[in-house]
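Let's walk through this structure together, beginning at the ligand and then moving on to a loop. Have the sequence and the 3D view open as you read.

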Amino acid sequence: MKRKRILSGMQPSGQLHLGNYFGALKNWVALQDEFECFYFIADWHSLTTLYEDPHLINKYIFEVAVDWLSSGLDPGKCTLFVQSRIPEHAELHLILSMMVPVPWLERNPTYKEKQDEVKNVDMSSFGFLGYPILQTADIVLYKAHFVPVGIDQAPHLELSREIIRRFNNLYKKKVFIEPAAKISEIPKLNGTDGRKMSKSYDNAIYLSDSEEQITKKVRSMLTDPARGRRGDPGDPKVCNLFPLHKIYSPQPMQDEIDSACRKAEIGCGDCKMKLVSTMLENMRPNMEKRCEIASKPKEVEEILCAGTEKARKVAAATLQEAKVAMKIA
Ligand code: TRP
Ligand code: SF4
């Protein structure tokens with residue numbers, strides 16, 4: 001039986017952090033055994049925010065690829081590629097853009113949210129408004145059945161489905177299939193300062209951080225503010241550090257900390273050192289793997305080239321089908 005197909009993309013915005021890993025990448029790795037997976041680096045999407053510094057993008061593509069491979073994405077199981085090396089994405093984006101009413105795009109909640117959020121770049125571009133159209137092109141070119149995304153991306157996917165229905169209705173042929181979102185359960189992970197983990201807040205722990213950097217970052221983490229002094233009891237539920245224990249530490253240790261914290265029997269400093277030790281133990285194999293992969297840029301490039309070649313054949317065939325349906329082939 002043919003496996004169902006999955007497609008997902010990630011913008012290259014530098015090294016990946018734990019939020020990216022637990023929010024998406026870990027799930028991608030799990031899916032590669034069961035599905036036919038296409039994963040790509042959405043470098044054209046990243047131009048919506050990086051257009052003033054495009055020279056960074058190639059470096060970021062490499063970093064993301066290294067993080068992917070060291071986290072367990074296996075080019076023997078899934079297809080890894082770079083969006084901008086497949087011009088069919090741009091061509092289909094253009095074609096679709098002719099039939100998508102602008103109000104559909106303006107209604108997209110992330111459009112306004114991101115404009116309010118990003119202050120250092122002008123986000124009023126035509127390209128940013130059309131971001132969901134490019135994303136739709138990405139998905140339909142591979143006839144993906146499922147798209148693993150975070151809950152915040154769900155409106156984009158709904159819009160994609162609307163665009164697909166419009167295309168199929170206009171040309172009376174089901175060229176594209178409507179993908180379903182595959183929303184994964186994501187542990188709530190904040191950055192060291194208690195805000196959402198994000199590169200732009202400078203509060204992230206990266207997959208590429210050294211043991212020293214991780215130790216330093218964990219030690220600097222905000223904990224339950226009620227524990228002003230060592231003798232003040234705390235509550236792991238409001239502590240910014242505890243979610244990491246939930247990920248990395250064994251259950252008995254979690255239980256012990258939970259009770260000791262509430263009775264002020266453990267200090268935050270000791271609690272942090274316990275976390276550092278379970279975290280490093282857990283991350284060490286991937287950290288070593290990462291160093292090894294990063295030292296072989298040619299091999300990384302070969303993997304992306306091979307994946308791109310394979311993906312392009314699929315994309316070109318679908319684009320041709322779409323043009324035939326439109327009678328413009
Ligand atoms: N918008 C996604 C993000 O920023 C990246 C992306 C681009 C994507 N095209 C996609 C995700 C297609 C899923 C499917 O994370
Ligand atoms: Fe958080 Fe641990 Fe301090 Fe409790 S003891 S507040 S769980 S860091």
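In this predicted model, D138 places a polar side-chain atom 2.7 Å from a nitrogen atom of ligand 1. Y131 does likewise, with a polar side-chain atom 2.7 Å from a nitrogen of the ligand. Q153 also takes part: a polar atom of its side chain lies 3.5 Å from a ligand 1 nitrogen. How much of ligand 1 does the protein bury? On its own the ligand exposes 370 Å², and the protein buries 87% of that.

Now widen the view to the shell around the ligand. In total, 13 residues surround ligand 1, and Q11, F40, Y131, Q135 and D138 are the closest. Sorted by class, the shell holds six nonpolar, six polar and one charged residues. If you trace the secondary structure, you will find that β1 (5-10) and α8 (131-140) each supply at least two residues of this shell. The largest share, four residues, comes from α8.

Next, please turn to S208, in the loop between β5 (180-183) and α10 (211-219). Is S208 buried, partly exposed or exposed? Its relative accessibility is 25%, so S208 counts as partly exposed: the buried class ends at under 20%, and the exposed class begins at over 50%.

To see what surrounds S208, set aside its neighbours within four places in sequence; S208 is then in contact with Q15, Q213 and R290.

Technical notes: Residues are numbered from 1 along each chain as its sequence is written. Chains are lettered from A and ligands numbered from 1 in the order in which they are written. This is a predicted model: local features need pLDDT of at least 70, side-chain atom pairs count only at pLDDT 80 or more; totals for chains, interfaces and linings use all residues. Side-chain values use heavy atoms; hydrogens and water are left out. A residue is near a molecule or strand if one of its heavy atoms lies within 4 Å of it. A polar contact is a pair of N or O atoms within 3.5 Å; within protein, one must be able to donate a hydrogen and the other to accept it, and residues adjacent in sequence count only if both atoms are side-chain atoms. Accessible areas come from the Shrake-Rupley method with a 1.4 Å probe; for residues, only the protein chains shown count as cover. Ala, Val, Leu, Ile, Met, Phe, Trp, Tyr, Cys and Pro count as nonpolar, Asp, Glu, Lys and Arg as charged, and the others, Gly among them, as polar. Buried means under 20% relative accessible area, exposed over 50%, partly exposed in between (1.4 Å probe, protein chains only). Contact means heavy atoms within 4.5 Å.
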